Amino acid sequence: MLDTTRSYETPEGIALGIRIAGPVVRACAWAIDMLIRIGLYLAIAIPFSFLGGLGFGLSLVVFFLIEWFYPVFFELRQGATPGKKAMGLEVIQDNGTPVSWSASLIRNLLRAADFLPFLYAAGLVSMLLSRNFQRLGDLAAGTLVVYRDKSSVRHELPDVAPVHPPHPLTREEQRTLLTFAERTPLLTGERRIELAEILSDLTGQRGEAAVTALHAYASWLAQGR
């Protein structure tokens with residue numbers, strides 16, 4: 001498989017699933033960005049050509065800035081260049097956090113090494129040998145190119161028969177139970193049990209039984225009784 005899913009667990013116990021982008025979709029994104037840069041080069045070169053030698057020198061400076069800092073600008077601004085955004089991709093750190101300015105700078109400056117000996121051959125070989133399809137710049141910067149998540153949707157409460165809580169709950173306690181039930185699909189099994197057992201005095205249960213009991217109370221609260 002050229003595109004694979006990886007799972008990361010945050011310190012809060014939330015399991016994040018990300019899909020790593022493979023070489024083909026990344027090549028398409030690169031081609032789109034190249035066409036955009038070519039358009040920018042032409043838009044700059046034509047008017048600057050009327051300035052003679054000064055215009056030629058200025059155009060070279062602008063070309064350099066566009067070539068090397070075009071991706072950095074967009075990655076820091078929105079997590080992806082226009083080409084990657086069009087293909088539904090995003091650059092992140094390998095721990096799941098947004099890309100930092102230093103990582104973006106490193107991964108893009110090392111495109112020169114990825115290009116060797118021609119047409120990004122070194123980068124392609126690195127991606128094919130890497131479990132997470134990282135080119136040399138990604139390996140040095142600790143970054144990944146992944147598919148953007150869809151707009152988040154509200155998770156439904158677990159399908160559990162409602163049960164009246166053993167004693168009255170405050171508004172804050174009710175909100176906590178409902179939030180726990182909604183977040184359950186995002187939590188690892190160990191984290192669900194760990195949180196549920198904090199309220200073992202309320203449920204009188206341990207392990208998965210405690211999780212199920214809290215879901216039942218949340219289901220009862222969600223019905224507005």
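Visitor: How many helices and strands does the protein have?

Guide: Helices (H or I, at least four residues) and strands (E, at least two) are DSSP runs numbered from the N terminus, and the protein has 11 helices and four strands. This is a predicted model, in which local features need pLDDT of at least 70 and side-chain atom pairs count only at pLDDT 80 or more, while totals for chains, interfaces and linings use all residues. Residues are numbered from 1 along each chain as its sequence is written, and side-chain values use heavy atoms, with hydrogens and water left out.

Visitor: What radius of gyration does the protein have, and what would a compact globule of 225 residues have?

Guide: The radius is taken over C-alpha atoms, and the globule rule is 2.2 Å times the number of residues to the power 0.38. For 225 residues a compact globule would come near 17 Å, but the protein has 25 Å; along its principal axes, the C-alpha trace spans about 85 × 35 × 25 Å.

Visitor: Which residues make up the largest nonpolar core?

Guide: A nonpolar core is a set of buried Ala, Val, Leu, Ile, Met, Phe, Trp, Tyr and Cys residues joined through side-chain atoms within 4.5 Å, where buried means under 20% relative accessible area with a 1.4 Å probe, protein chains only. The largest one here has 12 residues: Leu169, Leu177, Phe180, Leu187, Ala196, Leu202, Ala210, Val211, Leu214, Tyr217, Trp220 and Leu221.

Visitor: What lies in the second core?

Guide: That separate core has 10 residues, including Val25, Val91, Val99 and Ala141.

Note on methods
Buried means under 20% relative accessible area, exposed over 50%, partly exposed in between (1.4 Å probe, protein chains only).
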